[in-house]
Amino acid sequence: MQQVRAVVAKGKGQPVSVETINVPDPGPGEAVVKIQACGVCHTDLHYREGGINDDFPFLLGHEAAGVVEAVGEGVTEVAAGDFVVLNWRAVCGECRACKRGDLHYCFNTHNATQKMTLEDGTELSPALGIGAFAEKTLVAAGQCTKVDASARPAAVGLLGCGVMAGLGAAINTGAVTRGKSVAVIGCGGVGMAAIAGSALAGASPIIAVDIDPKKLEQATAMGATHTVDSSASSGVDPVEEIKRIAAETYEGAEGADVVIEAVGRPETWKQAFYARDLAGTVVLVGVPTPDMKVPEIPLIDVFGRGGALKSSWYGDCLPSRDFPMLVDLYQQGRLDLDAFVSEEIGIDDIEAAFEKMHTGDVLRSVVLFS
């Protein structure tokens with residue numbers, strides 16, 4: 001058992017606080033990881049606001065990279081000293097999805113068995129089973145994916161959630177390839193990653209849609225070939241504009257081959273539905289709230305347009321396959337993960353980072369640990 005500093009959310013909507021927590025020694029199948037960097041993700045804010053569940057107190061943070069300090073009995077996939085990116089899909093190998101070979105759909109991902117606690121013994125609920133706004137954290141060993149140790153922790157740690165979600169929504173879920181057109185609605189961190197993934201796959205045109213001109217400018221730097229200001233003041237119908245741009249490149253196109261919805265709202269999902277080409281694909285990667293409903297769409301339109309309506313969970317990734325490959329692309333200069341790091345902050349600055357999310361001025365604030 002050791003004591004470290006960590007960021008804890010103690011109640012719904014309350015500001016987070018830096019607390020001393022107890023981290024157990026790793027048991028069978030577990031690992032203790034010394035965190036080097038952890039991104040501040042919207043999901044952490046959802047936990048703080050009670051939007052996930054009410055299992056307070058939460059140990060926040062999940063988008064992280066660090067070094068394995070110790071492993072428990074039976075652990076063979078990683079060892080002390082390994083540089084790892086943490087993931088929240090530690091496949092079980094035993095559920096229906098795993099047994100049929102679809103490990104990226106694992107229905108029973110592993111977390112650490114032991115609990116980290118506050119100093120008084122109160123058990124903590126780690127965000128997505130990780131809890132990485134901490135100097136050290138206890139995870140299931142399968143949540144550790146070994147990658148190139150020379151990679152920058154602040155950049156590659158973002159593969160642990162948002163960047164992987166966006167890249168995977170394009171490449172894994174949407175099956176974006178050369179010769180396909182793509183539209184991305186919503187240019188936050190996940191949407192930007194979907195644009196970067198589409199560019200990496202060779203898609204064209206890549207159409208970025210957002211209401212914020214600053215985000216559209218960033219989207220161009222990430223690989224978007226066209227931008228659409230969908231704010232009410234612009235007077236532009238984003239669906240018609242996506243169709244127009246797609247038809248300029250591919251004669252007869254009635255929309256984009258793949259439309260990725262990275263907002264998580266019914267109205268933008270409906271836009272995505274009607275902005276896709278015949279037999280096109282809609283990918284929902286934006287996270288809706290539980291009260292949101294699929295908008296009313298005539299069933300004949302669903303039938304008549306064909307194609308596929310998909311949701312993308314964690315970019316349909318398999319961390320053991322995808323993380324090392326993407327880190328290699330980053331190291332080769334082919335995937336600019338550094339561009340997602342808007343600022344580097346300390347453990348005491350996380351509440352301020354949550355506030356910056358509301359202004360749209362940052363893609364990711366990243367907490368650095370000494």
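Select the lining of the second largest pocket, whose residues divide into nine nonpolar, seven polar and three charged, and bear in mind throughout the tour that this is a predicted model. The second largest pocket has a volume of about 350 Å³, and of the 19 residues that line it, Glu77, Val91, Ala141, Gly142 and Cys144 are the closest to its centre. Colour strand 10 (144-146) and helix 10 next, as these are the elements that give two or more residues to the lining; the largest share, three residues, comes from strand 10.

With side chains displayed, Met164, Leu167 and Asn172 in helix 4 can be seen to meet Arg321, Asp322, Phe323 and Leu326 in helix 10. By class, this contact has four nonpolar, one polar and two charged residues.

Now move to leucine 118, which lies in strand 7 (residues 117-118). Leucine 118 counts as buried because its relative accessibility is 11%, where buried means under 20%. Leaving aside its neighbours within four places in sequence, select the residues in contact with leucine 118, which are Val8, Lys10, Glu19, Thr20, Ile21, Asn22, Pro57 and Leu124. Finally, draw a distance between the C-alpha atoms of leucine 118 and leucine 59, which are separated by 9.7 Å although the two residues are 59 residues apart along the chain.

Key: Residues numbered from 1 in each chain as written. Predicted model: local features only at pLDDT ≥ 70, side-chain atom pairs only at ≥ 80, totals over all residues. Heavy atoms only, no water. Contact = heavy atoms within 4.5 Å. Helix = DSSP H or I, 4+ residues; strand = E, 2+ residues; numbered from the N terminus. Nonpolar A, V, L, I, M, F, W, Y, C, P; charged D, E, K, R; others polar. Buried < 20%, exposed > 50% of the residue type's maximum accessible area, 1.4 Å probe, protein only. 1 Å grid on protein atoms, 1.4 Å probe; cavity = no way out; pocket = protein on both sides within 12 Å on 5 of 7 lines; lining within 4 Å. Points joined across faces, edges and corners; volume = space filled by probe spheres on them.
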